[in-house]
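Colleague: Could you walk me through this model? I'd like to start with a helix and then turn to a sheet.

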Amino acid sequence: MRFKPVASLVSGQPTQDGNRVPLTRLVPGLGQRGDQAFRAMDPFLLMDHFGPMVLPPGTDAGFPPHPHRGFQTLTYLIQGAFRHRDSTGGSGLLRPGGAQLMNAGSGIVHEEMPVPEHLETGGAIEGVQLWINLPEAHKGSAPGYTDLQPESMPWQALPGGRIRVLAGTWAGIAGPAQTPAQIAYAHLELQPGARFEQAVPAGWLAAVVPLRGAVLVEGTAVAADTVALLGEGEALAVEIAVEAAEPASLMLLTGKPLGESIAHYGPFVMNTRVEIEQAVLDYQQGRMGHLD
Ligand code: MN
């Protein structure tokens, strides 16, 4: 088996989004590093690691109402709690180990805010939000969201670690998230000295993203909050040094590139500039709905 080497390393950028939520922007996205980097992650558009952090008591940190069109968000919560409301009438509570798959499709307005307990007393929070592009044929699809409860994607033991599969199949385990783009996505924890291998279909993007602890990919060290984009090979292999001081926590990401043109502006990702102008107009004129 030929294992994929690291093709490039991209350090996450500390930033803020929403209402003063500190986060590390991992996948560049939204033109931050130019269209080249944007396209290099096809079919993924953006990946944010928020936390781990402790929200102060009386916080109003969160993501107040804002629109999206043309892609999907997959928000995975590691600790804390978030509540979601959207313009389709959907609402849900995100718990640790659970996720929410939102289809922005033709347009949605939503908010993601800490639960009332957090707002009053503060509390720890950590998670990862991934933006998955929609193929052109699905960009006009009906908006909506699906709660993926922790019970639908439990930790599964592996030699030297454990894995939680959110999408696609890893280690023979299928995850619950169904997306028009073909992807596979998992949270892996490895103990010092452990190694994990997974075959990846030819032509698919593959990336390894440690959230905590450092890992090795074919001899190249990959630090926390860094995206390692992998090169040619039949399989992904990630390991952690025997002498590592702490276990590693990392996200594994593979997907079949859409290969379509990308036009983006803020929270809208379409195929052409004209479609972006229409999205802005539709939002301004209230056609993406509103929160009650
Ligand atoms: Mn959002």
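Colleague: Which residues of α3 are buried?

Modeller: This is a predicted model, where local features need pLDDT of at least 70, side-chain atom pairs count only at pLDDT 80 or more, and totals for chains, interfaces and linings use all residues. Residues are numbered from 1 along each chain as its sequence is written, and side-chain values use heavy atoms, leaving out hydrogens and water. Helices (H or I, at least four residues) and strands (E, at least two) are DSSP runs, numbered from the N terminus. With buried meaning under 20% relative accessible area, exposed over 50% and partly exposed in between (1.4 Å probe, protein chains only), the buried ones in α3 are I276, A279 and D282.

Colleague: Within what arc do the buried residues of α3 fall, seen down its axis?

Modeller: The arc is taken from the directions from the helix axis to the C-beta atoms. On the other side of α3 sit the exposed V274, E277 and Q284. The buried residues line one face of the helix, because they fall within an arc of 125°.

Colleague: Which strands stand at the edges of the open sheet of 7 strands?

Modeller: Two strands pair if DSSP finds at least two bridges between them. Here the order is β2-β3-β4-β11-β6-β9-β12, with antiparallel pairing. Each edge strand has a single partner, so one side of it is left without a neighbour in the sheet; these are β2 (13-17) and β12 (144-148).

Colleague: And what stands opposite D48 in β11?

Modeller: Strands β4 (residues 44-55) and β11 (residues 123-133) run antiparallel, joined by 9 bridges. Opposite D48 stands Q129.
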